[in-house]
Amino acid sequence: MVKRQAPVKKNETLILSIEDLTAEGSGVGKVDGYPIFIPYALPGEKVDIKVLKVNRNFSYGKLLAIHKPSTHRTDAPCPVFLRCGGCQLQHMSYDLQLEMKQNQVRNVMKKIAHLPDVPVHLTKGMADPWRYRNKVQVPVGEQDGQLITGFYQSRSHHIIDYKDNCLITEKDNDALVAKVREIANQFELTAYDEAEHRGILRHIMVRRAKVTKEAMIVLITRSKKLPQKDKLIEALVTALPNVKSIVQNINPKRTNVIFGDETNVLWGSEYIFDEINGLKFGISARSFYQVNPLQTEVLYEQALAYADIQEDDVVIDAYCGIGTISLFLAQKAKKVYGVEIVPEAIADAKKNAELNGMDNVEFVVGSAEKVMPQWTKEGLKPSVIVVDPPRKGCDEALLQAMLSMKPKRIVYVSCNPATLARDLRILEDGGYKTKEVQPVDMFPQTTHVECVVLMSRVEK
Ligand code: SAH
């Protein structure tokens, strides 16, 4: 192979025409076929750039000036867009965001799943792609003797003071965090100091139910000891009428993982309740719950449409969380089995089945990759399987268990197109055909993409 020299040098400035977008939302321009990635540049733009980092096969550059902005360029409305890192796409029209996500999924279908012809539909987006998050978790720091909340400065652990104006968080939720911070400041609470591993309050998490408006506050602390605990709780309860649950999570470790293992209710209920399409769900502090309520309906409706449940269907919902998808499936199916690794989530799922008067569901705590092979051995023969794994996708053992169960359909809900495509290839090789892929925009203004995929068993 001819060893090629990069055609650009570090610190060189040049004019580049942007042709494409990466999955991270960076613009891509080329010099003699050699790609340079430019954050915040958009396709169709001619830009001045400075080369920052040179590799043999590609470079990174910095956007210096735009000769003629793309019609898709927008002024990022958030004042801390470039510093926060929580959003990556505020400089881009929403239409382009949706198209970019569709293209990203198409690319992995081609390159990783080797399915160039599978239909990837246009991303289902929001009418108003702002102020959607029902959950916030903010780090707590200290500045001039005051507790502050905000975000970590990009690539650092320095907390920037920023409150009640995160444009992807529901307004009421934002205000709730600001209020908790204000009240915490009236008490002897210290912020956790990462370098010294001392101080108390590490993070504040707030979750609010879209339909019932019930809110939960979680104080994540280094120690179990919470100075002036009773007075603090009283102040929070008095000031915040919609709060139904105040919870302490204790994380004594030196780690940047937010939550620790111990969770205690300080006041009120262990849960808040919410509703999705007529079903009720109790959600406890450590359970996963979708963060974009309007799009959750879109996502679940798509998953149910693909599952196309008939009344004699036996269904598995793997990675079931608090049983949301499971209960929608159970409204139509003969029987639904759910598996999930977080014990608190399965406790919620069982209560949620009861709450909605459903007795044709069975929930099991465990890793899906262990429980599914066990179910196979026990002779469980589901006609439909739904999976909704975390970003790392499905474990090989789980994929093999699915193949040996031979369901007529598999519905794969995924928050990571790359692992989705990897897993689809394995399922294709095992006798399934990918019928269609529907991206759903659960996280507007960010590069994250959610997909729902329908696969059918190929009759031999
Ligand atoms: N379908 C649910 C949850 C999806 S999130 C919903 O829409 O709300 C993925 C879930 O998988 C989380 O609840 C997480 O705790 C769980 N999980 C992660 N790894 C797992 C594993 N190996 N086995 C089973 N569940 C797992």
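**Pocket.** I started with the lining of the second largest pocket and asked which element gives the largest share. Helix 2 does, with nine residues. This is a predicted model, so I kept that in mind throughout. The volume of this pocket comes out at about 670 Å³. There are 28 lining residues, and those closest to the centre of the pocket are Leu21, Thr22, Ala23, Gln104 and Asn107. I listed the elements that give two or more residues to the lining: strand 1 (13-21), strand 2 (27-31), helix 2 (94-111) and helix 10 (417-429). Sorted by class, the lining has 13 nonpolar, seven polar and eight charged residues.

**Domains.** Next I checked how the chain is divided. The domain assignment gives domain 1 (13-66), domain 2 (106-126 + 292-457) and domain 3 (135-276). Back at the second largest pocket, I found that domain 1 and domain 2 each give at least three residues to its lining. I also looked up the distance between the C-alpha centres of domain 1 and domain 2, which is 37 Å.

**Cores.** Then I turned to the nonpolar side chains. As a general rule, in soluble globular proteins they tend to be buried together. Here the largest nonpolar core has 60 residues. The residues with the most contacts inside this core are Val218, Leu327, Leu329, Val361, Phe363, Val411 and Val452. Helix 5 (residues 293-307) gives the most to the core, namely six residues.

Leaving aside neighbours within four places in sequence, Val452 is in contact with Leu299, Gln302, Ala303, Tyr306, Val411, Tyr412, Val413, Glu436, Val437, Gln438 and Val440.

Is Gly338 buried or exposed? The relative accessibility of Gly338 is 0%, and the cut-off for buried is under 20%, so I logged Gly338 as buried. Gly338 sits in strand 16 (residues 335-340). With neighbours up to four places away in sequence set aside, Gly338 is in contact with Asp317, Cys320, Glu362, Phe363, Val364 and Trp375. I also checked the pair Gly338 and Val387: they are 49 residues apart in sequence, and their C-alpha atoms are 9.9 Å apart in space.

Asn352 was next, in helix 7 (residues 343-355). Its relative accessible area is 1%, so Asn352 is buried. Not counting residues up to four places away in sequence, Asn352 touches Lys280, Phe281, Gly282, Ile322 and Leu327.

**Backbone.** Last, I went looking for positive phi values. Most residues other than glycine have a negative phi. His114 has a positive one, near 55°, and is placed in the loop between helix 2 and strand 6 (135-143). For Asp308, phi is also positive, near 45°. Asp308 belongs to the loop between helix 5 and strand 15 (314-318). How exposed is Asp308, and what is its relative accessible area? The value is 40%, so I put Asp308 down as partly exposed.

Technical notes:
Residues numbered from 1 in each chain as written. Predicted model: local features only at pLDDT ≥ 70, side-chain atom pairs only at ≥ 80, totals over all residues. Heavy atoms only, no water. Domains from an automatic or database assignment. Core = buried A, V, L, I, M, F, W, Y, C linked by side-chain atoms within 4.5 Å. Buried < 20%, exposed > 50% of the residue type's maximum accessible area, 1.4 Å probe, protein only. Helix = DSSP H or I, 4+ residues; strand = E, 2+ residues; numbered from the N terminus. Contact = heavy atoms within 4.5 Å. 1 Å grid on protein atoms, 1.4 Å probe; cavity = no way out; pocket = protein on both sides within 12 Å on 5 of 7 lines; lining within 4 Å. Points joined across faces, edges and corners; volume = space filled by probe spheres on them. Nonpolar A, V, L, I, M, F, W, Y, C, P; charged D, E, K, R; others polar.
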